[in-house]
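Please look over the sequence and the model below. The numbered points that follow are meant to be read beside them.

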Amino acid sequence: MLKKIMKFISLAVALLAVCVLLLPGTVSAKQQSSTEIQGEIDKMKQEQAEMEAALKELEKQQSSNRDDMQAILKEKDLIDQQVSILNSQILNINSQIAAHSLLIADKQLELENANQALEVMRKLYKERIRAMEEGGTVSYWSVLFEADSFADLLDRLNMIQEIAEADTTRLQALEKSSREVESAKSILAQEKVTLDLAREEMEKKQVALAQKQEEASALLLELLAKGQEYEDLVEKSEEAMEEMQEALEAMELKLSEAQKREYEEMLRQQEEEAKKNQTTESRPTYNKGDITWALPCDYNRVSSPFGYRYHPVTGKWSGHTGVDLTPPKGTPWNQQVPIYATRSGVVVYAGWDSGGGGNYVSIDHLDNYKSQYMHLDSFVVKTGDAVTIGQLIGYMGDTGTSTARHLHFVIRHYEYYEKYAGRWSWGWKPLNPAEFIDFK
């Protein structure tokens, strides 16, 4: 997927390089038509949509990579905790094994001393018995035959028995002590074996955990590298998107210029054709800078000027966006009053205004100016028509929110202005028509 996205970005950059050739200011033997430029814009927008989709997929993978890194970090943290606990357990069991080794050594020494004492006792016991039996200074026979009386004989026999029992008891005690020491040593040795086995198991776990640690660290490094790769790709994608947007804006500007050029050529041709056919009446004109404006009707009496006024229908004070022109008093009600285009342009709307304007026509003069004609009885143009200065567009009427037959004439300019209190934005600002046409 990363390779595919990188390939796509490379193609997008190549496309942008081609688009540079189409930007305004490029030397060309033939100017492109608006249709050709629109085709290029459509292709660029399609490419832009694909770039946006690729960027979203890239950001999705980047997010997934971050999630994977978080998961690996948690897993590694858990493994590190397990390793720490296991190391503590191994240290503890090593201490126990060392303690058992010392105890076993002590018991071994104690056992050797006990066995040595037992051996000495046995040897002395045997020597004494042998000396008594083999004619030493004291023997059983001498004890028996040297007795003065039967009572003395019994006393001597009791004494020999007590000596023998004492020796036997001592030997038995030594043997018992030796067996206890041997048993304790055996128990300690068995416990040490158990501890050794436990340590071996822990060391195996330690090796396994160390391997997991190594694998987690390697995977984390891989994810970090991939994350950096994602960061670089996202940055390149965003740069390509910005360049694409700039190229699109430049192409749209070129399209606007081409459309204006074509409209002006169309209007010029229509004006020439209208002059040949005499379809355009000669109208009084007024110059405002480099722009010529014509009187929109034969009558220029202003019954309600531009600006703040008392509305005759609502009974409230409000802003009046244009001027109201009315025919002279005494004009028959059934006499049609023609309304003419005050400048050449394109009809952007011809229809009903639900906001109170009744039948109205709006003409875009293609230089950030519009003129609007409201409360018409009827209109003879339709949306999309190109009109020339002084061309008939309809007839004065009393439609919409109106108290009498009149023309509500509006001039608007597209600019940055305060639409509402404290709110500035681009829009069609209404201007005072009296600044462009000399109403008398």
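Predicted model: local features only at pLDDT ≥ 70, side-chain atom pairs only at ≥ 80, totals over all residues.

1. Residues are numbered from 1 along each chain as its sequence is written, and side-chain values use heavy atoms, with hydrogens and water left out.

2. Side chains of opposite charge can pair when their charged atoms come close. The structure holds eight salt bridges (a side-chain nitrogen of Lys or Arg within 4 Å of a carboxyl oxygen of Asp or Glu).

3. One of these joins Lys 204 to Glu 201, with the closest N and O atoms 3.8 Å apart. Both residues lie in helix H4 (residues 150-277), three residues apart, about one turn of the helix; helices (H or I, at least four residues) and strands (E, at least two) are DSSP runs, numbered from the N terminus. Lys 204 is exposed at 55% relative accessibility, whereas Glu 201 is partly exposed at 44%. Here buried means under 20% relative accessible area, exposed over 50%, and partly exposed in between (1.4 Å probe, protein chains only).

4. Arg 343 and Asp 367 form a salt bridge of 2.8 Å, N to O. Arg 343 lies in the loop between strands E7 (338-340) and E8 (345-353) and Asp 367 in the loop between strands E9 (358-364) and E10 (369-379), so the pair ties together parts 24 residues apart in sequence. Arg 343 is buried, at 11% relative accessibility.

5. Asp 80 pairs with Lys 76 in a salt bridge, the closest N and O atoms being 3.3 Å apart.
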